[in-house]
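Colleague: Please take me through the contacts in this model. I will ask about single pairs before turning to the fold.

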Amino acid sequence: MFRLAPRLLTRATAARCGGGVGQPAAAAVRSMADVPAEAAVDLDFEEKWKKLIPNLEPPKTPLSFMQPRPPTPSAIPSKLTVNFVLPYKSELSAKEVDMVILPATTGQMGVLPGHVATIAELKPGIFSVHDGNEVSKYFVSSGFAFVHANSVTDVVAVEAVPVEHIDPELVQKGLAVFQQKINSATTDLAKAEAQIGIDVHSALNSALTA
């Protein structure tokens, strides 16, 4: 009886993706834009499960974890809504701005209202928020940016600090310490840790001179 459970899960997932068992994978793949705006419940799967295994609650299917996608406005908004959060606080919450520039691992990434939905990994560097003539700059250590199709951008950083709060002397001292560590490192692990320190402090130094 339990051997039928994976088959039910496969059928339920394939049915929601527009394809059936045995169909090519490409036929069952849909873009994020095709995900229903309203949350749905896989009643067909639950009904079949209860007929086969009435004494157990049905397991969650992928559909159960899919959140309703945010509505996409018919016209491009004049402002970009930004949420900027750290593990211990929210730096910006639903702030409407003109543009942000992210230190993505693929290079500097500008985001304007109406930007295509995407996910970007962040590297150590400057995250700048532009609102009219006002520009706020933060140094971020790493993280991710989630750009949504409804002109909302969520930025999640491991650590961040306003650029004006960075002490140039401490940056130079830290850079010197890690350069000394990499020169004296005897293991690959020690070299890797020292290189990370050099990369972060070099990025901090660049942030101060930008």
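Colleague: Which residue forms a salt bridge with Lys51?

Modeller: In this predicted model, the closest N and O atoms of the pair are 3.8 Å apart, and a salt bridge is a side-chain nitrogen of Lys or Arg within 4 Å of a carboxyl oxygen of Asp or Glu. Both residues lie in helix H3 (residues 43-52), 4 residues apart, about one turn of the helix; a helix here is a DSSP run of H or I of at least four residues, a strand a run of E of at least two, numbered from the N terminus. The partner of Lys51 is Glu47.

Colleague: What pLDDT do side-chain atom pairs need in order to count?

Modeller: Residues are numbered from 1 along each chain as its sequence is written, and side-chain values use heavy atoms, with hydrogens and water left out. Because the model is predicted, local features need pLDDT of at least 70, totals for chains, interfaces and linings use all residues, and side-chain atom pairs count only at pLDDT 80 or more.

Colleague: Is Lys51 buried or exposed?

Modeller: Buried means under 20% relative accessible area, exposed over 50% and partly exposed in between, with a 1.4 Å probe and protein chains only. Glu47, at 46%, is therefore partly exposed. Lys51 has 66% relative accessibility, so Lys51 counts as exposed.

Colleague: How far apart in sequence are the parts that Lys79 and Asp131 tie together?

Modeller: Lys79 forms a salt bridge with Asp131, the closest N and O atoms being 2.9 Å apart. Lys79 lies in the loop between H3 and strand S1 (80-86) and Asp131 in strand S6, so the parts they tie together are separated in sequence by 52 residues.

Colleague: Which residues join Lys79 in one network of salt bridges?

Modeller: Lys89 and Glu91 form a salt bridge with closest N and O atoms 3.2 Å apart. Lys89 is partly exposed at 42%, and Glu91 is partly exposed at 25%. Through salt bridges that share partners, the network joins Lys79 with Asp98 and Asp131.

Colleague: How many bridges pair S6 with strand S7?

Modeller: Two strands pair if DSSP finds at least two bridges between them. S6 and S7 form a hairpin with 2 residues between them, and Gly132 in the turn has a positive phi of about 65°. One of the bridges joins Gly125 to Val140 in S7. S6 and S7 (residues 134-140) pair in the antiparallel sense, and the number of bridges is 7.

Colleague: Which residue in S6 is the bridge partner of Ile101?

Modeller: Strand S3 (residues 99-104) and S6 pair in the antiparallel sense over 3 bridges. S6 is mostly covered, with 6 of its 7 residues buried. The bridge partner of Ile101 in S6 is Ser128.

Colleague: Which side chain makes a polar contact of 3.0 Å with that of Ser128?

Modeller: Ser128 is found in S6 (residues 125-131), and at 6% relative accessibility Ser128 counts as buried. Neighbours within four places in sequence aside, Ser128 is in contact (heavy atoms within 4.5 Å) with residues including Met99, Val100 and Lys137. A polar contact is a pair of N or O atoms within 3.5 Å; within protein, one must be able to donate a hydrogen and the other to accept it, and residues adjacent in sequence count only if both atoms are side-chain atoms. The side chain in the 3.0 Å polar contact with Ser128 belongs to His130.

Colleague: What distance separates the C-alpha atoms of Asp199 and Gly125?

Modeller: Asp199 is placed in helix H5 (residues 188-209) and is partly exposed, with a relative accessible area of 42%. Asp199 and Gly125 are 74 residues apart along the chain, and their C-alpha atoms are separated by 10.0 Å.
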